[in-house]
Amino acid sequence: MPLIQRHPSTYQIVHETYRRATIRRFPYVVFYEFNEQEIIIYAVFHCSQDPEKWRSRLQ
């Protein structure tokens, strides 16, 4: 996650203002938002889960 800390705007927006970062070492994705002061992580999902499940978590 250090890359998210250093360059939070690197990852693409996938839903409204939420971004998705894929973690290389593990089959996980991180959904987050950021502003000038903080990074807010909303979900960490294993890639084998239903891909639509994360959307319900972000609402």
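Predicted model: local features only at pLDDT ≥ 70, side-chain atom pairs only at ≥ 80, totals over all residues.
## Close-up views of a four-stranded sheet

**View 1. The sheet as a whole.** Four strands form an open sheet in the order β1-β2-β3-β4, and their pairing is antiparallel. At its edges lie β1 (13-15) and β4 (39-46), each of which pairs on one side only. From one strand to the next, the twist averages 40° (axes are lines fitted to C-alpha atoms, and angles run from 0 to 180 degrees between N-to-C directions). Strands here are DSSP runs of E with at least two residues, helices are runs of H or I with at least four, and both are numbered from the N terminus. Two strands count as paired if DSSP finds at least two bridges between them.

Residues are numbered from 1 along each chain as its sequence is written, and side-chain values use heavy atoms, with hydrogens and water left out.

**View 2. The chain from start to end.** Of the 59 residues in the chain, 29% are buried (under 20% relative accessible area; exposed is over 50% and partly exposed in between, with a 1.4 Å probe and protein chains only).

**View 3. Strand β3 and its two partners.** Have a look at β3 (residues 28-34), which is joined to antiparallel β4 by seven bridges. Five bridges join β3 to β2, again antiparallel. Strand β3 is mostly covered, with five of its seven residues buried.

**View 4. Arg19, a buried charge.** Arg19 sits in strand β2 (residues 18-23). Arg19 is buried but has no salt bridge, and the nearest side chain of opposite charge, Glu33, is 8.7 Å away. A salt bridge needs a side-chain nitrogen of Lys or Arg within 4 Å of a carboxyl oxygen of Asp or Glu; Lys and Arg count as positive, Asp and Glu as negative, and His and the chain ends are not counted. The side chain of Arg19 does reach the backbone oxygen of Tyr11, at 2.3 Å.

Notes
Polar contact = N/O pair within 3.5 Å; in protein donor to acceptor, adjacent residues only side chain to side chain.
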